[in-house]
Amino acid sequence: MKNNSIKTVVATGIGAALFVVIGLLISIPTFVPNTYIQLQYAVQSLLSIVFGPIVGFFVGLIGHAFIDALRGGSPWWSWVLASAVFGLVLGFARNRL
């Protein structure tokens with residue numbers, strides 16, 4: 001049990017850091033004004049499927065909150081929770097994929 005909890009904490013930390021770095025550095029503009037393709041959700045999806053729903057939830061929660069805070073504003077909690085729930089749902093859906 002101890003080994004799984006260590007994996008969960010490490011995966012959450014590395015995943016949240018990757019989520020923030022990719023979210024701040026890679027943003028592909030589209031033809032729709034003020035709309036971007038954001039690749040950090042691919043990292044969150046991968047970690048959710050590999051490590052489970054808890055890791056996916058916290059990667060989205062921590063990563064999105066840090067991105068909002070680092071961009072000069074306060075976190076927009078409705079979107080932060082949406083990112084976290086996205087990771088949670090994908091983590092639970094991994095058995096069906």
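Modeller: Keep in mind that this is a predicted model. In helix H4, the buried residues are Val80, Ser83, Ala84, Gly87, Leu90 and Gly91, and because they cover an arc of only 125 degrees around the axis, they sit on the same side of H4.

Colleague: Why would residues spaced like that end up pointing the same way?

Modeller: An α-helix has 3.6 residues a turn, so residues three or four places apart point the same way.

Colleague: And which exposed residues are on the face of H4 turned away from its buried side?

Modeller: That face carries Val89 and Phe92, which are exposed.

Colleague: How many residues does H4 have, and how far does it reach?

Modeller: H4 has 16 residues and reaches 22 Å from its first C-alpha to its last, which is close to the 22 Å expected at 1.5 Å a residue. For H2, with 12 residues, the end C-alpha atoms are 16 Å apart, and this agrees with the 16 Å that the helix should span at 1.5 Å a residue.

Colleague: While we're on H2, which of its residues are buried?

Modeller: The buried residues of H2 are Gln40, Val43, Gln44, Ser45, Leu47 and Ser48. After H2 comes glycine 52, whose phi is positive, near 110 degrees.

Colleague: What about a positive phi in a residue other than glycine?

Modeller: Asparagine 34 has one, with phi near 60 degrees, whereas most residues other than glycine have a negative phi. Asparagine 34 lies in the loop between strand E1 (27-29) and strand E2 (36-38), and with a relative accessibility of 73% it counts as exposed.

Colleague: Switching to aromatics, how many pairs does the structure hold?

Modeller: There are four aromatic pairs in the structure. In one of them, the ring centres of tyrosine 41 and phenylalanine 86 are 6.4 Å apart and the planes are at 85 degrees, so this pair is edge-to-face. Because tyrosine 41 lies in helix H2 (residues 40-51) and phenylalanine 86 in helix H4 (residues 77-92), the pair ties together parts that are 45 residues apart in sequence.

Colleague: Which residues do ring pairs link into a cluster?

Modeller: Ring pairs link Phe19, Tyr41 and Phe86 into a cluster.

Colleague: Last topic, then: which residues make the nonpolar surface patch?

Modeller: The patch has an area of about 1000 Å², and the residues that make it include Val21, Leu24, Ile37, Ile54, Phe58, Ile62, Phe66 and Leu70. Helix H1 (2-25) and helix H3 (53-70) each supply at least two residues of the patch, and H3 gives the most, with five residues.

Colleague: Where is isoleucine 62, and how accessible is it?

Modeller: Isoleucine 62 is in helix H3, and at 31% relative accessibility it counts as partly exposed.

Notes. Residues are numbered from 1 along each chain as its sequence is written. This is a predicted model: local features need pLDDT of at least 70, side-chain atom pairs count only at pLDDT 80 or more; totals for chains, interfaces and linings use all residues. Side-chain values use heavy atoms; hydrogens and water are left out. Rings of Phe, Tyr and Trp (its six-membered ring) pair if their centres lie within 6.5 Å; planes under 30 degrees apart count as stacked, over 60 as edge-to-face and the rest as tilted. Helices (H or I, at least four residues) and strands (E, at least two) are DSSP runs, numbered from the N terminus. Patches are made of residues with over 30% relative accessible area and no salt bridge: like charges are joined within 9 Å, nonpolar side chains (Val, Leu, Ile, Met, Phe, Trp, Tyr) within 5 Å. Accessible areas come from the Shrake-Rupley method with a 1.4 Å probe; for residues, only the protein chains shown count as cover. A salt bridge is a side-chain nitrogen of Lys or Arg within 4 Å of a carboxyl oxygen of Asp or Glu. Buried means under 20% relative accessible area, exposed over 50%, partly exposed in between (1.4 Å probe, protein chains only). The expected span of a helix is 1.5 Å times one less than its number of residues. The arc is that of the directions from the helix axis to the C-beta atoms.
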